[in-house]
Amino acid sequence: MQQSLFESQYDNTPIQLDMPDADLKYYPNFIAASESAILMQALHQSLDWRQERITLYGKTFDVPRLQAWYGDKNACYQYSNLSLRPLPWNSLLLALKQKCENASNSHFNSVLANLYRHGQDGMGRHADNEPELGQQPVIASLSFGEERNLDFYHNVTKNKVRLPLHNGSLLVMSGDTQKYWQHSVAKTKKTLAQRINLTFRYIQN
Ligand SMILES: O=C(O)CCC(=O)C(=O)O
Ligand SMILES: [Fe+2]
């Protein structure tokens, strides 16, 4: 019999976060700490991490993190007038995708991987509300390594909620979350170890 990639009994009971106009389910111990350390190292080594650049007001900057985009062949997304093709899945990403699909009862065809190398890496405020994600996208966000805060901002009430995402956790964002809330990963001057986050998505074509 094939051995399972995931040996441990994980805790698959989510915490439903009490935030208006959002559907957020948090699984603090989705993957056991011992496994998360191994998975983090495997992701670090096996993904094709790239330094993307963005142009803002005529100036070009390095994005403050490394990224990799994997998925089904046809799961392209539009980015600054470019149609970006994903890299083909590897077996580790496919296994993690399956695990997130089972938990969230959803289907994903792509994943954006982000590597935050230290405290000075982060992600600016945004919503994952691109048209190709549909009206009420389900996004499964898996975190490995250093705990970082995901800060939510309500578009109308300006309410702020800070959610620390810890090693081996899963956050499933669905319903109207992207419509009413933006989120960011703040930079910090603190000395922090690396973190890898995977956001599984379904791109409609
Ligand atoms: O790193 C995180 O927890 C957030 C990533 C994110 O918001 C995204 O990939 O869209
Ligand atoms: Fe996001």
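A: Here is the ligand shell, followed by its setting in the chain. This is a predicted model, where local features need pLDDT of at least 70, side-chain atom pairs count only at pLDDT 80 or more, and totals for chains, interfaces and linings use all residues. Residues are numbered from 1 along each chain as written, and chains are lettered from A and ligands numbered from 1 in the order written.

Around ligand 1 sit L112, N114, M123, D128, S141, L150, L165, H183, V185, N197 and T199. Here a residue counts if its C-beta atom, placed from the backbone, lies within 6 Å of the ligand. Strand 8 (110-116), strand 14 (181-185) and strand 15 (195-201) each give two or more residues to this shell. Strands are DSSP runs of E, at least two residues long; helices are runs of H or I, at least four long; both are numbered from the N terminus. By class, the shell has 5 nonpolar, 5 polar and 1 charged residues. Ala, Val, Leu, Ile, Met, Phe, Trp, Tyr, Cys and Pro count as nonpolar, Asp, Glu, Lys and Arg as charged, and the others, Gly among them, as polar.

Now the setting. An unreviewed UniProt entry lists residues 107-204 as "domain: Fe2OG dioxygenase". UniProt positions follow the numbering used here, feature names are shortened, and annotations may be inferred rather than shown by experiment. Over residues 107-204 the chain is 4% helix and 50% strand. The end C-alpha atoms of that stretch are 11 Å apart. The chain as a whole comes to 3 helices and 15 strands. Its C-alpha atoms fill a box of roughly 55 × 40 × 35 Å, taken along the principal axes.
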